[in-house]
Amino acid sequence: MNAILGIIFHFIGGFASGSFYIPYKNIKQWAWESGWIIGGVASWIIAPWLFGFITVHDLLPSIQSADSKTIFYTVLFGVLWGFGGLTYGLTMRYLGVSLGVAVALGFCAAFGTLIPPIYEGRFGELLSTSSGQITLAGVVLCVAGIFVCGKAGMMKEKELDNAAKQETVKEFNLKKGLFVGTFCGIMSACFAFGLAAGAPIAAQAEANGTDPLFKNNAILPVLLIGGFATNFVWCMILNFRNKSFGDYTDTKTPLKSNYLWAMLAGVTWYFQFFFYGMGQSKLGKSLDFASWTLHMAFIILVGTLWGLFYKEWKGASSATMRVLYLGLFIIILSSAFIGMGSYFVH
């Protein structure tokens with residue numbers, strides 16, 4: 001039952017992450033950077049502290065109990081993840097939701113899932129237990145499914161001319177998108193490392209009486225400060241370069257609507273890790289490394305479905321669509337393997 005709940009929580013988190021960029025499509029007459037940083041204030045500053053105080057017992061004492069090394073590395077990985085978060089938005093601009101998600105998160109899933117247990121010296125343990133072997137098989141399946149979805153995106157790109165591609169993705173640029181998406185995926189994996197670095201904060205929060213379901217919420221305010229710093233600096237540079245500082249106060253634009261859509265996008269983004277922590281707690285310590293793969297898998301699944309909804313695959317051949325559906329099936333199958341692995345924990 002715990003494994004099933006864990007997968008359900010990860011799906012909700014993946015749905016939030018796969019959907020958060022949709023509200024940005026409703027922002028009118030603002031430069032991209034203006035909407036992005038307003039959403040960032042909601043997702044990286046307001047929501048982590050608000051929900052942290054609601055769900056974590058003694059939030060501030062839990063954070064203050066951590067030594068300087070824990071705080072430093074948690075913030076540092078947040079800063080590095082910030083580059084991934086920033087370029088995630090750029091990836092969506094250049095590749096669209098479905099292809100952008102598959103490219104960026106393919107790399108993110110592989111790095112974020114496997115490096116933490118290797119770093120902690122637990123990889124050999126995973127190979128030597130039936131639960132670890134089954135779960136690793138699920139991870140391999142998931143990464144394969146992600147790359148199959150990416151292959152479908154490449155096939156679509158070759159089949160359509162520039163006019164057709166830009167009909168659904170206005171700023172479509174394959175070369176820029178692949179470069180930015182690869183960088184995004186590698187740097188985004190730092191979020192998983194930040195959660196691992198901040199584990200003492202979560203442990204103290206649990207010791208202070210916090211429900212294990214919400215213990216990761218004690219890490220997020222620290223981790224996301226680093227991510228906000230990276231995005232804030234870059235967006236201010238873009239505001240200056242593009243002379244778009246006026247967006248925040250220009251009454252000739254739909255000001256109230258733009259703020260609301262940007263804040264909605266930000267809060268939706270935050271909920272991915274709110275539910276990620278809940279899912280991770282249900283998979284248990286020995287298999288929590290697989291949480292990252294599940295999270296990425298569900299984001300790609302939801303992102304691809306949104307891409308279909310917005311007709312980003314319009315004009316693609318039936319062969320390309322078959323490859324896409326195969327990738328989605330493999331991703332769903334991988335979640336079953338990961339869930340099954342938890343039933344064999346020694």
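Predicted model: local features only at pLDDT ≥ 70, side-chain atom pairs only at ≥ 80, totals over all residues.
Helix 2 and helix 4 pack at an angle of about 135°, so the two are oblique to each other.

**Helix 2 and helix 4**

- Helix 2 covers residues 32–55, while helix 4 covers residues 68–95.
- The axes of helix 2 and helix 4 are 12 Å apart, and their crossing is right-handed.
- On the helix 2 side, Trp32, Trp36 and Trp44 make the meeting; their partners in helix 4 are Trp81, Gly85, Leu86, Gly89, Leu90 and Arg93.
- Sorted by class, this contact of helix 2 with helix 4 has six nonpolar, two polar and one charged residues.

**Helix 2 and helix 13**

- Helix 2 also meets helix 13 (residues 255–283), where the axes come within 7 Å and cross at roughly 50°.
- That angle makes helix 2 and helix 13 oblique to each other, and helix 2 passes helix 13 in a right-handed crossing.
- From helix 2, the residues in this contact are Gly35, Ile38, Gly39, Ala42, Ser43, Trp44, Ile46, Ala47, Pro48, Phe51 and Thr55.
- From helix 13 come Tyr259, Ala262, Met263, Gly266, Val267, Trp269, Tyr270, Phe271 and Phe274.
- By class, the contact of helix 2 with helix 13 has 15 nonpolar, five polar and no charged residues.

**Aromatic rings**

- There are 37 aromatic pairs in the structure.
- One of them joins phenylalanine 11 and phenylalanine 15, a tilted pair with 6.5 Å centre to centre and 40° between the planes.
- Both phenylalanine 11 and phenylalanine 15 sit in helix 1 (residues 2–19), where four residues, about one turn of the helix, separate them.
- Phenylalanine 11 is partly exposed at 36% relative accessibility, and phenylalanine 15 is partly exposed too, with a relative accessible area of 41%.
- Phenylalanine 214 and phenylalanine 274 form another tilted pair, at 5.9 Å centre to centre and 40° between the planes.
- This second pair links distant parts of the chain, 60 residues apart: phenylalanine 214 is in the loop between helix 11 (199–207) and helix 12 (220–242), and phenylalanine 274 is in helix 13.
- Phenylalanine 274 counts as buried, because its relative accessibility is 10% and buried means under 20%.
- Ring pairs also link a cluster made of Phe20, Tyr21, Tyr24, Trp32, Trp36, Trp44, Trp81, Phe191, Trp269, Phe273 and Tyr276.

**Serine 62**

- You will find serine 62 in helix 3 (residues 59–64), and it is buried, with a relative accessible area of 0%.
- Beyond its neighbours within four places in sequence, serine 62 is in contact with His57, Ile201, Gln204, Ala205 and Asn208.

**Alanine 66**

- Alanine 66 lies in the loop between helix 3 and helix 4.
- With 16% relative accessibility, alanine 66 counts as buried.
- Alanine 66 and proline 200 are 134 residues apart in sequence, yet their C-alpha atoms are 6.6 Å apart in space.
- Setting aside neighbours within four places in sequence, alanine 66 is in contact with Ile71 and Ile201.

Key. Residues numbered from 1 in each chain as written. Heavy atoms only, no water. Buried < 20%, exposed > 50% of the residue type's maximum accessible area, 1.4 Å probe, protein only. Contact = heavy atoms within 4.5 Å. Axes fitted to C-alpha atoms, helices over the stretch in contact; angles between N-to-C directions. Parallel < 35°, antiparallel > 145°, perpendicular 65-115°, else oblique. Left-handed = near helix turned anticlockwise from the far one by under 90°. Nonpolar A, V, L, I, M, F, W, Y, C, P; charged D, E, K, R; others polar. Phe/Tyr/Trp six-rings, centres within 6.5 Å; stacked < 30°, edge-to-face > 60°.
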